[in-house]
Each structure stands twice: as C-alpha cells, then as structure tokens.
Amino acid sequence: MYAEDGEVYGKALASAGLSCPLVYGQNVPEGGVAFEALEKGPTARVDELYAAIEPDDTAKYLLTSGSTGNPKVVVNSHRMLCANQQMIIQVWPFIEDSGPVVLDWLPWSHTFGANHNFHMVLRNGGSLYIDDGRPVPGPMAERTVANLRELKPTLYFNVPRGYDVLLPYLAQDEELARSFFENLDVLFYAGAALPTS
C-alpha cells in the first residue's frame, strides 16, 4: 500500500493490520519501504506477468466515498477500465486526436478522479496537472484560480460546488474568463446535481 508521507499516514497504516508492504514517498517510518527503492527497470518476470493478465482480472479495488452510507470496496477489472475509456472516446472522439490538457484536484481514490480523469489522460497521451487548490471559498479557491491563470485546460472537471465557487471569479475577471475558455472543449461535472436556478 502506498502513501505519500509516512509522517502523516504512517501511524494509521501501521495500526491497520495490513499484511502487505507499506510504501511511502517521503518520511519513511521504521518498517516502511521508500518508493524510490522500488524503481527498477523492466524484467522478464514483469513481462511474463503482464502477458498473463486477462480482461476480467482485478485491476484495482476502489473504495467508495461513503457519502450514501458506509464506504464499500468495488472491484474494478481491466475490462471495466478499458471499456470506460472506449466509451468516453466514442462520445468525445476529439480527445483522442488532441491529447487532453487537464488541471484536476479530484482524488484518485474515487472513480471520477481516477477511472475517468487520470485514465483518460493516460489513454490519450495528454497532460495532467495536479491542482493544489480545492473548490471551497478562500485561499484554496484562490490557488485554483492562480493555476487556471497559468494553464489553459482543454477539459475541465469538477463537482457542482467547485463550479459554484469558481463562477464569481470568472464573472469578475474578464482576462481569467478568456484564458479559461480559450482552449476549452468540455466542462464536465459529477458527484451531485447542479442547482436548477
């Protein structure tokens, strides 16, 4: 299991009773494994295992957010992930030709941020910029606005609240609005319904 920072997540993972290696990007606690120690070139064994993957083999276990009850584990097969990307390309074929440019804050632990956005960029050879802002009023929204000033995404994904927070910035700053919409092909939301008014 991977966590970015052992100082932040190490105690929780150590107490979770896991029987797998615990890998950290930084501040590796005792008993943990540094991510950089795993960096190796391809081996014959990796090629062998890759060739043995079947479409219905498990690609990952996705944890639901728990927003409608207790979080649940959802098994995602390779076939499911590939079919998802194929469906997107059939609806939005231009993505395949242009290589998407995406600025995204959505977590990779959820299907929207990972299965949809992250995998879309991987599948189509695009560029994914991680937005260190968030769709909440205040400094985090200001950070997202600064990122949007720097980048000109071709696809923009958010939750309804994110658009609600972003809208006043776009309405009050014509230069930001022009820059934001300059290369934009798609605005997309998921996670909840947008208000009707």
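User: Which element gives the most to the lining of the largest pocket?

Analyst: Strand 4 does, with 4 residues. Please keep in mind that this is a predicted model.

User: Which other elements give two or more residues there?

Analyst: Besides strand 4 (58-63), they are strand 1 (2-5), helix 1 (6-14), helix 5 (112-124) and strand 7 (127-130).

User: And how many residues line the pocket, and which lie nearest its centre?

Analyst: The lining comprises 28 residues. Nearest the centre of the pocket are Y2, P107, W108, S109 and H110.

User: How much space lies in that pocket?

Analyst: The largest pocket holds about 1300 Å³.

User: What is its lining by class?

Analyst: There are 18 nonpolar residues, together with 5 polar and 5 charged ones.

User: Which residues line it?

Analyst: The lining consists of W105, R134, P135, A141, T144, V145, Y156, N158, G162, V165, L166 and Y169. By class, 8 of these are nonpolar, 3 polar and 1 charged.

User: Where does the largest share of that lining come from?

Analyst: Helix 7 supplies it, with 4 residues. Helix 6 (139-150), strand 8 (155-158) and helix 7 (160-172) each contribute at least two residues to the cavity lining.

How values were computed:
Residues numbered from 1 in each chain as written. Predicted model: local features only at pLDDT ≥ 70, side-chain atom pairs only at ≥ 80, totals over all residues. Heavy atoms only, no water. 1 Å grid on protein atoms, 1.4 Å probe; cavity = no way out; pocket = protein on both sides within 12 Å on 5 of 7 lines; lining within 4 Å. Nonpolar A, V, L, I, M, F, W, Y, C, P; charged D, E, K, R; others polar. Points joined across faces, edges and corners; volume = space filled by probe spheres on them.
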